[in-house]
Amino acid sequence: MLDLKRKLLLLGIAALMMLTVIPTAYGQASAESAGIDHPLLTVHYPVKFKTVKLRLGMSKKQVGMLIGKAKRYQVPNQVYYKYRGMTVAYEGDRLAMIVPDETGSLDGGVRPGMEWREAAGLLGIKADSGIRSLWFKADASGVKQLDDPAAIKAAEEDSDVYVLDVGVNALGVVSAVQLYSREYKNKLMEKTAEMNRLADLSSALPRLTVENLSLKTGDGVRRAALGMTKEEADRVLGKSRAFRHASGIVMHQYDGVRIYYRNGRAAAIQIDLDMESTRIYRTAGGEVSLLTSAAKLERLFGKPYYDDGQVLGYKFYRSGNRLVKLGADEPLEALKDKDVYDLSLIVTDDKNRLVTYMLLCDRQFAYTNS
């Protein structure tokens, strides 16, 4: 399973949505000077033979003029774009999030990969203070940093507030830098909550069939299913490349999904937030995807077979064309002659418990990773 901190960083990207531009303060400026003008909210990024400046609030056209064409990706609650290693997202036409890679920096200083103590000094904070977020408020007079906790709390719902988040790993190195509009983050959180509404779901568990041993895109055209041949997968999913998993096994990576083949047939299918995708995959019934909550999973499938807080899993066995869920108190040994399948998930360790990783596999893969 992939590094959880990396997944939570990407969930931060996925859980960041709307920007109100302050036109009176910045007017009709040039591409490089438009947007929210503050050194710690400005990303210096090398493009070809020059360094450009990116600021929240710039138009998509202005950003395109500076960095060129970026590739479009998506997760269930947002669309984002990548230019080389830098990630950006828009609300409407305006730049609402920037996540630079190690070649980008804040005002030419703070960047991923540098020592946190050095970065903290450049940010004007003590390295051991526990502070990892800086808040800013913009108005007609300019942009000012919010230092008072009460002022930050009061500004959480405002449309003209912007945040700099810095991630620091266990080695004391800056692992990530994110700039975003607070309103954008609030909107994404609202969208994620709406995706996981329980009020409209039936309390009766759905009837599961072998069709549920697959993941599909919304249009139903692209389908990754256990038991399908590599030739079938290549035909509907496109080209793949061999990918060596952390466990040492070789999987085949397509756009947004990885498949492990045993004797030419799919024995395991994986999706996660760490995998860039231009499409969104869901379980065959369309109910479960990345960012689905553990509460919604339980409403749909009942109690999981196991749940340690962050890793949960369901086990099903095949009975004709039906799938029967195995209860947590039912011994697996009694099913030694049955076809048994696992749905394993990693969820965030906060109150929302959102899915960041999903693995659908047969019994052999679940126990031997092969």
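Me: Ala, Val, Leu, Ile, Met, Phe, Trp, Tyr, Cys and Pro count as nonpolar, Asp, Glu, Lys and Arg as charged, and the others, Gly among them, as polar. On that basis, how do the residues of the lining of the largest cavity divide?
Reply: This is a predicted model. In it, the lining of the largest cavity has nine nonpolar, three polar and two charged residues.

Me: How much space lies in that largest cavity?
Reply: The largest cavity holds about 130 Å³.

Me: Which residues of the lining lie nearest its centre?
Reply: Gln74, Ser277, Arg279, Ile280 and Leu290 lie nearest the centre of the largest cavity, out of 14 lining residues.

Me: And which strands each supply at least two residues of that lining?
Reply: Strand 3 and strand 17 do.

Me: What about the second largest cavity, what volume does it have?
Reply: Its volume is about 100 Å³. The lining consists of Leu208, Asn212, Leu213, Leu215, Thr283, Phe301, Phe316, Leu323, Leu343 and Leu360. By class, eight of these are nonpolar and two are polar, with no charged residues.

Me: Back to strand 17. Is it mostly covered or mostly open?
Reply: Mostly covered: strand 17 spans residues 265-272, and seven of its eight residues are buried.

Me: Which way does strand 16 pair with it, parallel or antiparallel?
Reply: Antiparallel, over five bridges, with strand 16 covering residues 258-262. Strand 17 also pairs in the antiparallel sense with strand 23, residues 355-362, over five bridges.

Me: What is the bridge partner of Ile259 in strand 17?
Reply: Ile269 is the partner of Ile259. Ile269 also stands opposite Leu360 in strand 23, and Leu360 is among the residues lining the second largest cavity.

Me: How many residues sit between strand 16 and strand 17 in the hairpin?
Reply: Two, and Asn263 is in that turn. Asn263 has a positive phi of about 55 degrees although it is not a glycine.

Me: Why does Asn263 count as exposed?
Reply: Its relative accessibility is 79%, and exposed means over 50%.

Me: Where is Asn369, and what is its phi near?
Reply: Asn369 is in the segment after helix 9 (363-368). Its phi is near 55 degrees, again a positive value in a residue other than glycine. At 34% relative accessibility, Asn369 counts as partly exposed.

Me: Another Asn: is Asn196 buried or exposed?
Reply: Asn196 counts as buried because its relative accessibility is 10%, and the cut-off for buried is under 20%. Asn196 lies in the loop between helix 6 (182-195) and strand 12 (214-217).

Me: What does Asn196 touch, leaving out residues up to four places away in sequence?
Reply: Its contacts are Leu291, Thr292, Ser293, Lys296 and Leu354.

Me: Changing topic: what is the strand order in the open sheet of eight strands?
Reply: The order is 3-4-5-6-11-10-8-9, and the pairing is antiparallel. Strand 3 (71-75) and strand 9 (142-146) are the edge strands, each pairing on one side only. From one strand to the next, the twist averages 25 degrees.

Me: How many bridges join strand 8 to strand 10?
Reply: Five bridges join strand 8 (residues 133-139) to strand 10 (residues 161-168), and the two run antiparallel. Ser133 stands opposite Asp165 in strand 10.

Me: Which strands does helix 4 touch as it packs on the sheet?
Reply: Helix 4 (residues 116-123) touches strand 8, strand 10 and strand 11 (174-181), and its direction makes about 160 degrees with that of strand 10. Helix 6 also packs on the sheet, and its direction makes about 90 degrees with that of strand 11. Strands touched by helix 6 include strand 4 (78-83), strand 5 (86-91) and strand 6 (94-99).

Me: Last one, the second largest pocket: how much space lies in it?
Reply: About 230 Å³. It is lined by 14 residues, with Leu226, Gly227, Ala266, Tyr341 and Asp362 closest to its centre. Strand 13 (223-225) and strand 17 are the elements that give two or more residues to this lining.

Me: Which element gives the largest share?
Reply: Strand 17, with three residues. By class, the lining of the second largest pocket has seven nonpolar, one polar and six charged residues.

Terms used. Residues numbered from 1 in each chain as written. Predicted model: local features only at pLDDT ≥ 70, side-chain atom pairs only at ≥ 80, totals over all residues. Heavy atoms only, no water. Helix = DSSP H or I, 4+ residues; strand = E, 2+ residues; numbered from the N terminus. Buried < 20%, exposed > 50% of the residue type's maximum accessible area, 1.4 Å probe, protein only. Contact = heavy atoms within 4.5 Å. Pairing = 2+ DSSP bridges. Axes fitted to C-alpha atoms, helices over the stretch in contact; angles between N-to-C directions. 1 Å grid on protein atoms, 1.4 Å probe; cavity = no way out; pocket = protein on both sides within 12 Å on 5 of 7 lines; lining within 4 Å. Points joined across faces, edges and corners; volume = space filled by probe spheres on them.
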